[in-house]
Structures are given as structure tokens and as C-alpha cells.
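Take a walk through this model with the structure open beside the text.

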Amino acid sequence: GGLGDVLGGLPPAMAANGHRVMTVSPRYDQYKDAWDTEVNIELKVGDRTETVRFFHCYKRGVDRVFADHPLFLEKVWGKTASKIYGPMAGEDYKDNQLRFSLLCQAALEAPRVLNLNGSKYFSGPYGEEVVFIANDWHTALLPCYLKAIYKSKGLYKSAKVAFCIHNIAYQGRFAFADFSLLNLPDEFKSSFDFIDGYDKPVKGRKINWMKAGILESDKVLTVSPYYAKELVSAVDKGVELDNFIRKVGILGIVNGMDVQEWNPLTDKYTTVKYDATTVTDAKPLLKEDLQAEVGLPVDRDIPVIGFIGRLEE
């Protein structure tokens, strides 16, 4: 939802500011315009070595990179009629930790191994002078692997990680014994160590991916100044991570909007196009269209209120 929107809109805005920008996402489907780079890498996940292949397209100044692996592809609606994170609300797939460990490691390899030449301003691999923006718990292992696998060998010496929290309620809490699946040195254990009063997925002591992301990154961000205040205001608002966020500090930057996508002059979904000079004439006509479409009484003088939010217990 919101995270997809940010990943759609923020990178082109950064590219327009002159940055070279890459996004790395799982390849959840046969995206029609993302082509096989024929670059394979081998990664250690749990007790197995897995091969990930990169797919790529260049759009609006951004290298869109997709990590291809059966663990991602088999979770797609089209293939199995299943959802991306779990079979139903509030339930995780058993292999979620392995899948997102794979994503974090693939994201660390992509800037080094992909020779991308879509842009007329940049060419070749990104190299090691990069900033990683890790989003939510699924990418929280990235700063840990960066330190354990790369910085320890003198690679990515000046690379930094900004960890952005979009929704504090989803933290990646798993059984404490699962720490061994992550193939991280024991010195990272304390960053994951977490005790709560819930029975899921096991009672008591757990690992918490988001806690590790907060503690191991160089900067913690969130999606508005107001949310930043809220997360440190109380234990329920910070969902038991408020102490750790207070400890490292947090910066709220308002989510922007993609002015190309949300442009009322070019919007393919509306019958009447408008700009600032014609908005007062166009809006009543569009309101009547909407009322008719959803079966409300058609009356341009009745206010219509829309709400975009999460329907979740």
C-alpha cells in the first residue's frame, strides 16, 4: 500500500534532483517490461546456498531492479491465489525470514555486480559509494549484513544506511532460536533480543527485526514529523520500540506525492481534466460522475467525503 506508493514516487523525485537511484524489490510476478540481466549471485540463506537472478528496467530516471527467486515468485496471486506476506491477515509464511534475508543480501550485491547503462548520465556499476534506504522490517537485516559481511572486509567503507519506518505495528517478531537462520555473528544478538507478553509465534523471548534495523542503521526516518513525535510519545504508540527510537533519535520527513501520477490535467481515470484555473467548474461534474458510478443520489451540492486508510483490526 503506502510503501508501494513511496517506492513508486520517491525514487523518480530523487533522480530528478540529480541522484543515481536504484530500487531493489522481490520479483513477485513476470513484470512485462523488466528484462533478465543474466546476472546470477549465490547467497547463504539459513543452511542453504541460494541463487538469485536480477531483472531490470529503467524508468523515469530510476533503475528498477528485481531479485528473482522461486521463494518470491510462488507467492503471487496469479500463481497460487495467495498473498505476499502470509496466507491470511496476522499470519506469516514460514519462510518469511529466509525470503527477506535473501532480499537484504541481494540489495547489498546489486550496486556492485550490476552493470547498468540505461541512463545517459550514468553508466557501469554503482560501486560502493552509496546510501541504502531500508524500508520497514523486511529490510532491517541490511545494515547488519553490511557490517558483518562487507565493512568487516573493508568493502562499502563509506556506505550508510537510513532506516525508514512506514508502519511501526509490523516489526518482524520471530522465535529467539531463529536468530541462527540469519547467519549473523553473535555480537548482533542483543540488537534483535526482545521480550513481549504475546504468545505469537512463541511465548516470551523473541528476535525483533525492526529493533535491529533501528539500532544498527546510521539514521532512522519516518513518514512525517507528526508520526516521528507519535512513535516516541508512549509505549503503545511506539508499539514497545519507543525506548530504542528515543535512544537513537528519529527524523520525520513528510511523504510527498508523485505529481506526474496525480496530475488532474492528464489523469486517465477522470472524464473532465482541470487545473487551478478550471477546478471550480470541473469538480462538481466529477462529483456527479462519482455519485452515479457508486449509486449515490446525483447532486452536486451534497458534500462527498473520501477516506483512504487501513481496514485492519
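Buried here means under 20% relative accessible area, exposed means over 50%, and partly exposed is in between. Glu230 has 22% relative accessibility, so it counts as partly exposed. The model is predicted. Glu230 sits in helix α8, residues 225–231. Beyond its neighbours within four places in sequence, Glu230 contacts Lys237 and Gly238. Asp242 is 12 residues away from Glu230 in sequence, and their C-alpha atoms are 9.2 Å apart.

Now step back to the whole chain. The protein is divided into domain 1, residues 2–252, and domain 2, residues 263–312. The centres of domain 1 and domain 2, taken over C-alpha atoms, are separated by 37 Å.

Start with helix α4, residues 96–113. Its 18 residues should span 26 Å at 1.5 Å a residue, and the end C-alpha atoms are 25 Å apart, which agrees. Is α4 enclosed or exposed? Of its 18 residues, 15 are buried, so α4 is largely enclosed by the rest of the structure.

Helix α5 comes next. Its buried residues are Leu142, Pro143, Cys144, Tyr145, Leu146 and Tyr150. These buried residues pack against α4, β5, β6, α6 and α7. How do α5 and α7 cross? The axes of α5 (residues 142–150) and α7 (residues 209–216) come within 8 Å and cross at roughly 60°. That makes α5 oblique to α7. On the α5 side, Pro143, Cys144 and Lys147 take part; they meet Ala212, Gly213 and Glu216 of α7. By class, this contact has 3 nonpolar, 1 polar and 2 charged residues.

Several loops deserve a look. Most residues other than glycine have a negative phi, and most peptide bonds are trans. Tyr156, in the loop between α5 and β6, has a positive phi near 50°. Tyr156 counts as buried because its relative accessibility is 0%. Glu240 also has a positive phi, near 70°. Glu240 lies in the loop between α8 and α9. With a relative accessible area of 27%, Glu240 is partly exposed. A cis peptide bond joins Lys200 and Pro201, with omega about -15°. Pro201 belongs to the loop between β8 and β9.

Another loop, between β6 and β7, holds Asn167. Asn167 has 15% relative accessibility, so it counts as buried. Which residues does Asn167 touch, not counting those up to four places away in sequence? They are Asp136, Met210, Tyr227 and Arg310.

The last stop is the stretch around helix α10. Thr266 is in the loop between β11 and α10. At 53% relative accessibility, Thr266 counts as exposed. Thr266 and Lys203 are 63 residues apart in sequence and 53 Å apart in space, C-alpha to C-alpha. Helix α10 itself has 16 residues, 279–294. They should span 22 Å at 1.5 Å a residue, and the end C-alpha atoms are 22 Å apart, which agrees. Which residues of α10 are buried? They are Ala282, Pro284, Leu286 and Gln291. After α10 comes Gly295, with a positive phi near 80°.

Terms used:
Residues are numbered from 1 along each chain as its sequence is written. This is a predicted model: local features need pLDDT of at least 70, side-chain atom pairs count only at pLDDT 80 or more; totals for chains, interfaces and linings use all residues. Side-chain values use heavy atoms; hydrogens and water are left out. Helices (H or I, at least four residues) and strands (E, at least two) are DSSP runs, numbered from the N terminus. The expected span of a helix is 1.5 Å times one less than its number of residues. Buried means under 20% relative accessible area, exposed over 50%, partly exposed in between (1.4 Å probe, protein chains only). Domain bounds come from an automatic or database domain assignment. Axes are lines fitted to C-alpha atoms, for helices over the stretch in contact, and angles run from 0 to 180 degrees between N-to-C directions. Angles under 35 degrees count as roughly parallel, over 145 as roughly antiparallel, 65 to 115 as roughly perpendicular and the rest as oblique. Contact means heavy atoms within 4.5 Å. Ala, Val, Leu, Ile, Met, Phe, Trp, Tyr, Cys and Pro count as nonpolar, Asp, Glu, Lys and Arg as charged, and the others, Gly among them, as polar.
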